[in-house]
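Me: I'd like a close look at one part of this structure, and then a short walk through a few other places in it. Here it is.

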Amino acid sequence: MNNLILEVNDVAVSFGGVRAVNGATLDVEVGSVTSVIGPNGAGKTTLFNLISGAIRPDSGTILFEGLEIQNLFPHKIADRGIIRTFQGAKVIKRLSVLDNLMLGGQNNPGDSLVNFFNPKARKAYEVQCHDRAMELLQQIGLERFAHEYAGILSGGQRKLLDLARALMANPILLLLDEPFAGINPTLVEKLLEVLHALRTKHNLTFLLIEHNLETVMNISDRVIVMAEGRVIADGKPNSIYENQAVIDAYLGTRKAFK
Amino acid sequence: MTALMQPGFWVFILTMSGIYGIFTLGLQIQYGVGGILNFGHVGMMALSSYTMAILIISHGINFWIAAAIGVAVAALGGALLGLTTLRLRRDYFAIASIAFSEIVRYVIYNSDGLTGGVQGSLAIPVTGENYPSYTDTWDSIINRARDILTPIFGEIVDRDFVMAIIVWTTLGILLLIVSRVERTSWARVLRATREDDEVPAALGKNVFRFRFQAVIIGSVIGGIAGIFWGLQSSLLSPDDFLTLVTFYGWMILILAGATKVKGLPIAAIFFGFLYGGSRFFTFWPFSMLDASERAYVRIMIIGIVLIILMMSRPQGIFGKRQEMVLE
Ligand SMILES: Nc1ncnc2c1ncn2[C@@H]1O[C@H](COP(=O)(O)OP(=O)(O)O)[C@@H](O)[C@H]1O
Ligand SMILES: [Mg+2]
């Protein structure tokens with residue numbers, strides 16, 4: 001094995017006539033922060049859907065820790081340690097904020113009906129899960145909403161909850177789809193700190209989609225540029241600015257960025 | 001109007017309410033927690049009661065074993081329904097579930113040699129010894145219970161009285177168990193699937209498994225209701241298991257507030273009294289109608305009460321309004 005945690009090989013999927021992902025190939029190094037950028041409709045979210053198993057590719061393979069996952073059910077992929085958030089955030093509106101978070105708990109004995117008859121194990125886990133959830137709620141500043149329905153949260157708050165819920169699941173590889181869009185800059189700073197701490201502590205790997213180039217350049221070890229379902233550039237953040245294909249497809253004239 | 005004055009009539013209503021309460025509890029865990037629209041629930045009641053009757057009458061099997069197998073067959077029915085149709089979209093599942101219970105009913109209707117067909121349980125073939133009724137063992141249990149209860153409660157204790165106590169005790173126990181189940185993290189996941197498949201799946205939850213288990217649990221509870229249904233009426237007919245019965249269960253569920261179990265007993269009693277009591281709407285203006293017309297009026301009145309209730313309290317008597325209206 002090498003130090004690649006994720007390998008996407010020539011993956012393609014189409015919806016009717018639209019080739020949403022059209023032979024994308026990329027990989028992600030263990031412990032890295034890799035950002036995917038590209039114009040709207042480039043296939044970035046679809047790529048995440050493929051990696052997380054929400055949809056199956058028409059062709060190509062996806063390897064996680066060296067094993068093929070492209071035909072697994074999403075919950076099996078999550079079990080392996082790939083956890084994703086959703087573009088625009090998805091919360092369970094009619095569950096409390098706290099319950100949303102606790103939903104992220106992994107290997108919860110209470111999820112199995114057999115353990116209905118083992119209340120000790122269930123409760124021990126719930127207590128621990130509850131404490132971890134409250135800790136995360138504090139970090140994202142939503143603790144006062146713990147017992148409210150998630151449906152009352154604002155868009156930005158929902159994104160925070162979605163992110164925190166993903167963290168609850170102890171991911172190995174975290175897929176974040178535009179996590180910072182619509183969140184105020186001070187909180188973005190704070191979140192980046194939280195994520196950075198997690199990264200050093202648990203050797204978490206991040207693959208994220210982000211439109212804010214400043215953020216991308218600051219936090220990424222590597223940037224992957226997609227356009228029309230393909231990877232058109234891939235490299236260190238600096239090198240991306242120099243890439244003519246990227247300038248044409250996404251950045252426009254370099255001047256605009258100065 | 002005289003029957004209204006007799007406690008026996010109301011005890012009978014109480015028993016039926018209790019059976020409907022158990023029946024509806026099965027729907028509650030499926031829909032109230034899991035958002036599963038099961039319109040074929042009556043099929044589980046048909047499966048358990050007929051299985052019990054056939055095993056006792058045709059095979060002379062012990063009542064308790066027959067009843068247990070009856071419930072198991074209802075669970076199998078749930079498994080079959082779940083495996084074949086639970087991956088469908090919610091609304092398609094609802095339609096498929098109606099088809100399920102109708103198929104069960106038609107099979108019962110047309111299997112004369114097994115179920116007695118149109119003639120009902122009286123025509124179930126008797127093999128070997130003479131087992132004229134499947135309630136013999138139950139009747140002797142009831143009689144013994146009556147002997148014990150009469151010194152305590154006095155003359156009011158009859159078959160229906162004992163039955164009411166047993167049914168409501170069962171409902172109480174089941175409510176307790178189900179309300180506990182609904183406080184586990186299993187139920188939290190099921191509640192999440194009520195709203196969305198992608199989120200729980202992305203967090204490692206096998207959505208199908210949770211839904212399937214909810215259908216099975218609901219079917220077992222529906223099966224238990226079926227056993228009591230059979231014992232209470234002591235005679236089964238395919239027409240006992242019309243889809244209308246499922247809808248009565250849904251009425252109770254909506255009245256109670258689907259998301260919590262606590263309103264269920266009161267809603268069941270409310271329904272039972274409305275249903276049984278409206279039989280006595282013989283005064284003006286109902287006196288202008290004949291008896292068969294009045295039967296429809298009764299259903300209409302139940303419907304109107306339900307509509308009024310839904311307009312003023314969409315969450316039911318006890319439900320939380322937010323849990324119904326949040327978008
Ligand atoms: N489920 C779907 N059904 C049909 N078309 C889809 C679906 N998902 C994505 N697409 C199409 O695939 C293309 C890529 O979409 P997406 O991956 O969301 O782009 P991005 O996230 O890069 O903005 C778009 O043209 C979009 O309309
Ligand atoms: Mg997108």
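This is a predicted model: local features need pLDDT of at least 70, side-chain atom pairs count only at pLDDT 80 or more; totals for chains, interfaces and linings use all residues.

Is Gln28(B) buried or exposed? Please start with that residue and tell me what surrounds it.

Reply: Gln28(B) is buried, because its relative accessible area is 0%, where under 20% counts as buried. It belongs to helix α2 of chain B, which covers residues 7-33. If we set aside the neighbours within four places in sequence, Gln28(B) is in contact with Val33(B), Val178(B), Glu182(B), Leu253(B), Ala258(B), Thr259(B), Lys260(B), Val261(B) and Leu264(B).

Helix α8 spans residues 159-181 of chain B and helix α11 spans residues 207-233; their axes come within 12 Å and cross at roughly 180 degrees. Because an angle over 145 degrees counts as roughly antiparallel, α8(B) is roughly antiparallel to α11(B).

Now over to chain A and its metal site. The magnesium ion (ligand 2) is coordinated by OG1 of Thr45(A) and OE1 of Gln87(A), at 2.0 to 2.2 Å. Thr45(A) sits in helix α1 (residues 44-51) of chain A, while Gln87(A) is in the loop between β6 (82-84) and α3 (97-102), so the pair ties together parts that are 42 residues apart in sequence. Thr45(A) is partly exposed, with a relative accessibility of 24%. Gln87(A) is also partly exposed, with a relative accessible area of 44%.

A last stop in chain A is Ser220(A), in the loop between α7 (213-219) and β9 (222-227). Ser220(A) is buried, at 8% relative accessible area. Its side chain makes a polar contact with the side chain of Ser35(A), at 2.6 Å. A polar atom of the Ser220(A) side chain also lies 2.5 Å from the backbone oxygen of Val216(A). Leaving out neighbours within four places in sequence, Ser220(A) is in contact with Val33(A), Ser35(A) and Pro237(A).

Note on methods:
Residues are numbered from 1 along each chain as its sequence is written. Chains are lettered from A and ligands numbered from 1 in the order in which they are written. Side-chain values use heavy atoms; hydrogens and water are left out. Helices (H or I, at least four residues) and strands (E, at least two) are DSSP runs, numbered from the N terminus. Buried means under 20% relative accessible area, exposed over 50%, partly exposed in between (1.4 Å probe, protein chains only). Contact means heavy atoms within 4.5 Å. Axes are lines fitted to C-alpha atoms, for helices over the stretch in contact, and angles run from 0 to 180 degrees between N-to-C directions. Angles under 35 degrees count as roughly parallel, over 145 as roughly antiparallel, 65 to 115 as roughly perpendicular and the rest as oblique. Donors are N, O and S atoms within 2.8 Å of the metal (3.2 Å for Na, K and Ca); water is not among the atoms, so sites may look incomplete. A polar contact is a pair of N or O atoms within 3.5 Å; within protein, one must be able to donate a hydrogen and the other to accept it, and residues adjacent in sequence count only if both atoms are side-chain atoms.
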